[in-house]
Amino acid sequence: MWSRVAVGLTLGLVLQGGHTADGLQHHEARIEMITRHYAYAGERRIHYRRAGSGPPLVLLHASPGSSFGLESLITALAGDHTVVAIDTPGYGESDALTIDRPTIGDYAQALVATLDALNLPLVDLYGTHTGAKITLEFAVEHPERVRRAIIDGIGLYTEEERSSRLANYTPSLEPRWDGSHLATTWAMRREMFIFAPWYDRSGAARRVADLPTPDRLHDMAVDFLRTGPGYWRGYHAAFLYDSAPPLERLRVPSLLVATPGDSLLAHLARVNKVPASVSIEVVEELAVRMLAFLDGDALADAPPAPSVARVAGSVRRDYVTTSVGQLLVRKVGPEAGRPLVLLHASPTSSLSLEPLLLRMGTDRPAFTLDNPGNGDSAGLPGTPAITDLAQVVVEAIAGLGLDDYDLYGTHTGASIAMEVAIADAERVRHLILDGVTMFSAEQTEDYLAHYAQPMEVRADGTQLLWAWNFLRDGALWWPWFKRTAENTRAGIGAPSAGDLQRELVEFLKGGRTYHLNYQAAFAYPTRERLPLLTVPTCLCAGPSNLLADGLEEAGALAPHAIVMTTPGSDSPDAAARTADLYRRFLADRPLDAD
């Protein structure tokens with residue numbers, strides 16, 4: 001029943017079942033693209049990536065990243081399987097568990113609900129590092145749900161190692177007003193490729209490995225920042241989990257592996273005994289070995305990805321497919337009522353509109369999109385104009401199945417909304433433009449030259465601090481690049497570190513393309529396009545809206561427009577009164593005289 005593991009592990013590439021390296025490349029050439037999805041286990045949001053077709057193969061990632069870090073493996077495996085790579089609770093875009101100090105057992109139990117939500121009763125299961133321990137625990141406790149398991153890079157720590165990691169591995173990354181936590185974030189992610197553990201910078205801990213390119217490190221750092229200060233929870237669960245007893249209880253046919261460059265490679269030699277159904281190997285080509293191991297009695301093909309239903313009182317996330325890729329959607333509201341679509345300002349995402357979305361979605365379906373190239377939405381190739389962005393938004397709205405709808409946009413979103421209303425006039429019933437660009441030729445030239453410079457990824461990671469100060473200064477001066485007494489936004493304080501951190505993460509998701517939407521908005525010929533609007537239009541701005549000065553001129557150009565100053569959204573009461581004005585306009589009801 002039991003097999004004892006030799007200390008000297010065999011290093012080699014295992015090829016079985018006709019899966020060769022050339023064959024793997026052939027699979028890569030014909031697979032479907034990776035798509036992103038959401039599902040919900042009750043109120044808990046689950047984000048995952050999916051590709052391919054065939055039997056389900058579920059992948060669980062390492063800390064502190066997300067399923068993003070598994071994209072190359074997804075690509076390699078999707079020729080033979082429906083690959084579903086899940087963001088662990090609290091990582092990537094998945095909600096955290098409602099437990100302050102979750103255990104690996106808690107994560108494994110959450111996986112039960114996750115697979116139920118995905119309609120996957122039986123799967124092949126792979127996990128690496130933290131994901132490897134979740135895979136092990138799940139396979140031991142729920143063997144009826146796992147056909148075969150692949151456990152990649154599992155830690156078996158001594159008490160000294162465990163105590164050291166618990167004390168040193170996860171320093172606080174609470175946002176600090178000066179952005180200094182970003183330097184720590186970058187340094188940690190970088191050092192993980194240089195030392196193991198990363199905080200031990202001795203020669204004995206030195207890794208011999210390629211350092212990722214600055215662009216790849218940047219993507220990893222952004223993935224890390226998505227998780228936020230609670231990143232330590234998965235690490236601590238993994239450090240506290242003793243892998244040896246469950247390994248002895250493992251009955252699911254399993255492959256226990258590590259690759260030569262894995263920081264946990266040496267831990268394979270610490271495995272004492274496992275059942276005969278478990279093979280232990282060091283493999284050069286992980287995907288090839290996985291495909292060979294998973295050959296044989298096949299699972300039933302995975303069902304389609306489940307749809308995400310809209311509910312009242314709670315924002316649900318989803319994706320809609322367009323010709324340029326997927327756009328992220330936030331949605332809320334009942335079935336009845338004319339839908340309202342909201343488009344956000346640059347340079348962040350539709351997260352900025354969630355409060356308004358919830359207020360407006362109490363009596364109607366309401367949707368907000370991440371603009372193309374912002375947040376988690378795909379960008380357009382080249383240098384898009386507002387008309388190009390609007391065309392993709394029209395596609396997305398059609399993909400949502402909306403026959404007719406009302407439309408709201410603010411700043412860049414207002415320019416896009418205006419163009420959508422022109423292009424899709426038969427379906428747009430009302431238009432709210434909250435701050436429109438009415439710049440002079442001199443301002444336009446100045447803003448195009450200075451306002452939105454491309455983000456330059458640097459080897460030292462200082463683009464993170466640059467982005468932090470770009471956003472912070474945008475709240476303190478107008479325009480932000482003229483930091484003078486004349487351009488001071490007097491009486492406006494700095495955003496809190498927590499608010500700025502949330503804004504930063506949304507900015508960095510589309511950081512490489514953020515400037516393109518700004519440039520499109522600055523170059524948009526608002527004065528020429530306003531007279532083409534044929535739908536009832538509300539031109540408005542709150543007291544702190546930076547584009548309020550152009551309202552009267554815009555109102556004179558739009559043929560079916562009313563102009564009003566709203567209470568804004570600087571307080572809950574003001575936000576509620578502003579939403580009520582919008583609701584009255586959309587219902588063709590009289591507005592208050594003031």
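The following is a working chat about a predicted model.

Biologist: What kind of model is this, and what pLDDT do local features need?
Modeller: The model is predicted; local features need pLDDT of at least 70, side-chain atom pairs count only at pLDDT 80 or more, and totals for chains, interfaces and linings use all residues. Residues are numbered from 1 along each chain as its sequence is written, and side-chain values use heavy atoms, with hydrogens and water left out.

Biologist: Which residues have the most contacts inside the largest nonpolar core?
Modeller: Val58, Ile86 and Leu256 do, in a core of 46 residues. A nonpolar core here is a set of buried Ala, Val, Leu, Ile, Met, Phe, Trp, Tyr and Cys residues joined through side-chain atoms within 4.5 Å; buried means under 20% relative accessible area, exposed over 50%, and partly exposed in between, with a 1.4 Å probe and protein chains only.

Biologist: Which helix gives the largest share of this core?
Modeller: Helix 3 does, with eight residues. Helices are DSSP runs of H or I with at least four residues, strands are runs of E with at least two, and both are numbered from the N terminus.

Biologist: What does Ile86 touch?
Modeller: Leaving aside residues up to four places away in sequence, its partners include Val58, Leu60, His61, Leu111 and Leu115. Contact means heavy atoms within 4.5 Å.

Biologist: How many residues are in the other core?
Modeller: That core, which lies apart, has 40 residues, among them Val341, Ala390, Ala421 and Val535.

Biologist: Changing topic, where are cis peptide bonds found, and what is omega?
Modeller: One joins Ser63 and Pro64, with omega about 0°; Pro64 lies in the loop between strand 5 (56-60) and helix 2 (71-77). Another joins Ser346 and Pro347, with omega about 5°, and Pro347 sits in the loop between strand 14 (340-343) and helix 11 (354-360).

Biologist: And what about phi at Asn119?
Modeller: Asn119 is not a glycine, yet its phi is positive, about 60°. This residue lies in the loop between helix 3 (104-117) and strand 7 (123-128).

Biologist: Is Asn119 buried or partly exposed?
Modeller: Asn119 counts as partly exposed, because its relative accessibility is 45%.

Biologist: What about Asp588, then?
Modeller: Asp588 also has a positive phi of about 60° without being a glycine. Its place is in the segment after helix 20 (572-586), and at 59% relative accessibility Asp588 counts as exposed.
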